[in-house]
Amino acid sequence: MSEDLFDIKIDDLSFKNPIALAPMGGITDSQFANEFAKDAGLVILGGYNLDAATNLAASEMAKRGRKEFVSDEPLKLIENELGSVKTESVVAINLRSSTLEPLIEAARMAKNANAIIEIDAHCRQPEMTRIGVGEALLRDLSKLQDTIRKLKATGAIVSVKVRANVIDNIKMAKAIEDAGADILHVDAMKKGSGADMETIRKIRDATRLLLIGNNSVTDFDTAKEMFTRGADMVSVGRGVMEDPSLISSLVKEVTLLQQEIGWYNSPKHVCRGEGDLRGLAFCCLPVKPCPVHSNIKKIGLSAKEFADIKMEFAKGTPLEYGDSTCFGSLVWCCKITKMCPLRDGVLETIGLSDAEYMKLKRQLADHILDHPKVTGK
C-alpha cells in the first residue's frame, strides 16, 4: 500500500494510512503493536515513565490495579522498545517525566530511530498530576511550551497527547502549535459517552497541526465522523482489546474510501453547520445569505477576497471549467458525495474522476487556509 494514496507526511516521515494505535499505560508495548497493529499507519507505544518520580507514581497506581510500565532503566527500555517494533508503521513513543533531562535524551533516541516523541499531557491519575505530569501540564501551558521547545531543539518530531475540555481547548491548541509541536493528539472526552465531535471541529479550525482524534472509535462510522470534523488520523486503543481485527478493518475501510473519493477526511459542508473551515472549498460564490459569510469572516476575509482567492487557485486547473454549473466554474461546486447532475456532467465532459476532483478540492482548502491574507505571513 503506497503512502502516496493518503499523502500524510511530517518532514521525512510518511504515514501509510490514517489509522493509529493509541498509547495505553502497561498495555501498548512493541509486542502488542506487532500483534495487533501491523496494518496501522502509526503505532504509539507507552505511556512509559522516564524518571524516578513517574516510576514511583506508576508503582503506586499499579498497587490499586492499574496496568503500568515500571522500569529501573527507563531509557534502556525506550531504546529496546523503539527497536522492537516489526511493523512497517511509523512509531511514536508516549512518555511521562517530572524532569526534563530524560525527555531530551528520549527525544534524541526517537530522532535517531526515525520515530516520534509524544508528550503525555493526558494522564489524569492523581499520582501523576500531583507531581506535575500528564493532565497537570495543561494547567501550566508555559511549562508545556518550554518542554515542547526543548524537545524540538533536538530535531525530533514532537506530538502532544491531550485530554479535551480540561482547559479552554482553543487556547490549548494554539499554545501547543505556537511552541512548535508537529502533532496534536486529542482525546475528545466529554461527559457521558462517545466522543466530542464538536471539539474536534473547533480544534481543527484553530490549528494547522496534524490532528489525531481519539475516543470511542470502535467502528468505521465513528472514525469517519471524526475524519469529517477535521481529524487527519484517528487512534484506537481499548477498541483493539475488544476487537483484535479493528485496526485492519479500519485500514481497509478508509483505503476504499480514499480510492473512491480522493479525500478520506473531507469536511461536511459549512452550510450544514457541521463542517470545519476546510469546507470553504465546497462553498458557492458568496452572493446570497449563507453561513459562508460568517465562516470567511472567521479567517478575516471579505466576500470579494474569498472569491478572488478561489478563482486564483482555479486558474489553469480543471476547476476552472464548468460554464454550465451554477456559478460557471467547478471551483464553486460542492462535495462529490452530494448529488449534482450539473457538476457531474462537467466532470464527465472533461474526463476528471471523482477522486481527482476531490484531491483538487483538498488542495484548494489548503490554498485558502494557508493564504497570506489568512495567515498574515
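Welcome to this structure: 22 salt bridges are counted in it, and the model is a predicted one. Four residues, R66, E68, R96 and D120, are joined in a salt-bridge network. A search for disulfides across the whole structure comes back with zero.

**Salt bridges**

- E68 and R96 form a salt bridge, with their closest N and O atoms 2.8 Å apart.
- This pair ties together parts that are 28 residues apart in sequence, because E68 lies in the loop between α2 (52-63) and α3 (74-82) while R96 belongs to strand β5.
- E68 is buried at a relative accessible area of 13%, and R96 is buried too, at 5%.
- R343 pairs with D344 in a salt bridge whose closest N and O atoms are 2.9 Å apart.
- Here R343 is buried, with a relative accessible area of 1%, whereas D344 is partly exposed at 31%.
- K9 and D7 also make a salt bridge, and their closest N and O atoms are 3.9 Å apart.
- Both partners count as partly exposed: K9 has 45% relative accessibility, and D7 has a relative accessible area of 43%.

- Strand β5 spans residues 90-96, and seven of its seven residues are buried.
- The cover extends to both faces, with V90, A92, N94 and R96 on one side and V91, I93 and L95 on the other.
- β5 pairs with strand β4 (residues 42-49) in the parallel sense, over seven bridges.
- Within β5, V90 is the residue that stands opposite L42.
- β5 also runs parallel to strand β6 (residues 116-121), and four bridges join these two strands.
- N94 has E118 in β6 as its bridge partner.
- Together with helix α4 (residues 100-112), β5 and β6 make a right-handed β-α-β unit.

- D196 sits in the loop between β8 (183-187) and α8 (197-206).
- D196 is buried but has no salt bridge, and the nearest side chain of opposite charge, K190, is 5.9 Å away.
- Leaving aside residues up to four places away in sequence, D196 touches N165, A188, M189 and K190.

**Cysteines**

- With zero disulfides found in the whole structure, C326 is in none, and its nearest cysteine sulfur, that of C340, is 5.8 Å away.
- C340 is likewise in no disulfide, and the nearest cysteine sulfur to C340 is that of C334, at 5.2 Å.
- C326 is exposed, with a relative accessible area of 64%, while C340 counts as buried at 15% relative accessibility.

Methods
Residues numbered from 1 in each chain as written. Predicted model: local features only at pLDDT ≥ 70, side-chain atom pairs only at ≥ 80, totals over all residues. Heavy atoms only, no water. Buried < 20%, exposed > 50% of the residue type's maximum accessible area, 1.4 Å probe, protein only. Pairing = 2+ DSSP bridges. Right-handed = clockwise from strand over helix to strand, strands pointing away. Lys, Arg positive; Asp, Glu negative; His and termini not counted. Contact = heavy atoms within 4.5 Å. Disulfide = S-S within 2.5 Å.
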